[in-house]
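Please open the model in your viewer and keep the sequence panel beside it. The tour below moves from one selection to the next and says what is there at each stop.

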Amino acid sequence: MVDVWWAGVDEARPEFERDLDTAERERMAAYVREIDRARFLLGVTIVRRVLAARFSLPAAKIELDRTCSMCGKPHGKVRAAGVELSVTHSGALVGVAVADVPVGIDVERVDPALDVDGVARVVLSADEVQTLSQYSGLEKARTFATYWTRKEAVVKATGEGLLGEQRTPEGIQVRQLDVGDDHRAALAVVSAEPPVVRTFRFGSDLPR
Ligand SMILES: [Zn+2]
């Protein structure tokens, strides 16, 4: 079972900051742009509130570990005891996946101004570049974002890169998530079986 939570970036509220720990406050303050602070705040808030409901604890009491595996600073992937987590944000959306197996979620805003062909040659497989060449304009940007989110979700679930790879590795399940026309999103889990995915909205489905 994977629970996927979505929030709009405009749903961030100053009072959410009350539940942040010191490292989270410092990290949030370091973002220059307001939209980056809002995305970070929403990601933390969703994680804290979902785990608070799951473990019957106040949101501020949830112990989160972001120790970076490379340098030890608190800017790594978020972890909590007894559960697997993944957080993503892009454009207008913030997403969190909560699972009992390693999980990766990725959302990307579809960017019509992106030089898709230039980027695709570097990051996609030859077959994917070939498929992409059949599209133009916005459809090309959407197809690129579809491929890209699938790769990113797998990287986040496994910690390993997929650049230029065509096949999904054995034992990884990847699924597209429907997030409307302006974004593309994908979910990956380390599992032999396709996951059951439940989708929730931050604004309406979370107890306050
Ligand atoms: Zn680091």
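What spacing do the donors of the zinc ion follow along the chain? They follow C-x2-C-x3-H, where donors are N, O and S atoms within 2.8 Å of the metal (3.2 Å for Na, K and Ca), and water is not among the atoms, so sites may look incomplete.

Before selecting anything, note that this is a predicted model, in which local features need pLDDT of at least 70 and side-chain atom pairs count only at pLDDT 80 or more, whereas totals for chains, interfaces and linings use all residues. Residues are numbered from 1 along each chain as its sequence is written, and side-chain values use heavy atoms, with hydrogens and water left out.

**Zinc site.** Select the zinc ion together with Cys68 (SG), Cys71 (SG) and His75 (NE2), which coordinate it at 2.1 to 2.3 Å. Cys71 is partly exposed at a relative accessible area of 45%, and His75 is partly exposed at 43%; buried means under 20% relative accessible area, exposed over 50%, and partly exposed in between (1.4 Å probe, protein chains only).

**Lys77.** Next, move to Lys77 in the loop between α2 and β2, where helices (H or I, at least four residues) and strands (E, at least two) are DSSP runs numbered from the N terminus. Lys77 is partly exposed, at 38%, and its C-alpha lies 7.5 Å from that of Thr67, 10 residues away in sequence. Leaving aside neighbours within four places in sequence, the contacts of Lys77 (heavy atoms within 4.5 Å) include Asp65, Arg66 and Leu85.

**Nonpolar core.** From Lys77, step across to Leu85, which is also in contact with Val47, Leu51 and Val98, among others. Leu85, Ile46 and Leu51 have the most contacts inside the largest nonpolar core, of 30 residues; such a core is a set of buried Ala, Val, Leu, Ile, Met, Phe, Trp, Tyr and Cys residues joined through side-chain atoms within 4.5 Å. Colour β1 (2–8), α2 (34–55) and β3 (93–99), each of which supplies at least two residues of this core, with the largest share, 10 residues, coming from α2.

**Pocket.** Finally, show Arg27, Gly76, Lys77, Val78 and Val87, which lie nearest the centre of the largest pocket among its 16 lining residues. On a 1 Å grid over the protein atoms alone, a pocket is an open set of points where a 1.4 Å probe fits, with protein on both sides within 12 Å along at least five of seven lines, and lining residues have an atom within 4 Å of a point.
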